Amino acid sequence: MNARKRIIYTGLLAILCASPAISFAAKCGGTNINNTVTSVPTEIGKGTKLSILKFTSVIVSDDPSAPFHLASGECAGSFLISPDGKTSISGFCARKDKDGDVLYEEWVSSGGGVGTSKLLGGTGKFAKTAGASQWRNTPLYGTTSAVRWAGDCQ
């Protein structure tokens, strides 16, 4: 590589590394690939059920250049099912990218395989991350599911 190209590439790298926070596009979307590790249901009484859930998750962004693309980690949550069949689901995820920075997410649902999630910041480049999305869960083979999401990321 000639000296001129080396100077240009070094300058671009310095600018990218000096950026204190990531600026996400206004609209973003992708698919999380999840694999259930544990799901422990408990009958509380007279049709009321509580289930504790833990799963691994990988973010596959529609934009492969997005900072959170291929971030992976774990999620934990709970399902509460009342005797009349109403369901409340909520939980959190913490996913780490290739640089070791962690992105935090909170998700909720009233059942039916759809819900909302919020990005809650994180560490390093994700410290000031915010945003919200809507998602739809599609069960795949065995304990795997694909969660398609779209929303705003900042």
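Buried residues have under 20% relative accessible area, exposed ones over 50%, and partly exposed ones fall in between (1.4 Å probe, protein chains only). Keep that scale at hand for the tour. The model is predicted, so local features need pLDDT of at least 70, side-chain atom pairs count only at pLDDT 80 or more, and totals for chains, interfaces and linings use all residues. Residues are numbered from 1 along each chain as its sequence is written, and side-chain values use heavy atoms, with hydrogens and water left out.

**Stop 1**

Select Lys46, in the loop between β1 and β2; strands here are DSSP runs (E, at least two residues), numbered from the N terminus. Is Lys46 buried or exposed? Lys46 is exposed, at 80% relative accessible area. Now check its backbone: phi of Lys46 is near 45°, a positive value in a residue other than glycine. Most residues other than glycine have a negative phi.

Leu70 is another one to click, in the loop between β2 and β3. Its phi is near 70°, also a positive value in a residue other than glycine, and Leu70 counts as exposed at 52% relative accessibility.

**Stop 1: strand β3 and its neighbours**

Select residues 72-81, which make up β3. Two strands pair if DSSP finds at least two bridges between them. On one side, β3 runs antiparallel to β2, with ten bridges joining them; look for Thr56 opposite Glu74. Ten bridges also join β3 to β4, again antiparallel, and here Cys75 stands opposite Cys93. Follow β3 into β4 through their hairpin, which has five residues between the strands. In that turn, Gly85 has a positive phi of about 90°.

**Stop 2**

**Stop 3: salt bridges**

How many salt bridges does the structure hold? There are eight, each a side-chain nitrogen of Lys or Arg within 4 Å of a carboxyl oxygen of Asp or Glu.

Start with Lys27 and Asp152, whose closest N and O atoms are 3.3 Å apart. This pair links Lys27 in β1 to Asp152 in β8, 125 residues apart. Lys27 is exposed at 63%, while Asp152 is partly exposed at 32%.

Move to Arg148 and Asp62, which meet in a salt bridge at 2.7 Å, N to O. Arg148 lies in β8 and Asp62 in the loop between β2 and β3, so the pair ties together parts that are 86 residues apart in sequence.

Finish at Asp101 and Lys125, with closest N and O atoms 2.8 Å apart. Both residues are buried.

Notes:
Helices (H or I, at least four residues) and strands (E, at least two) are DSSP runs, numbered from the N terminus.
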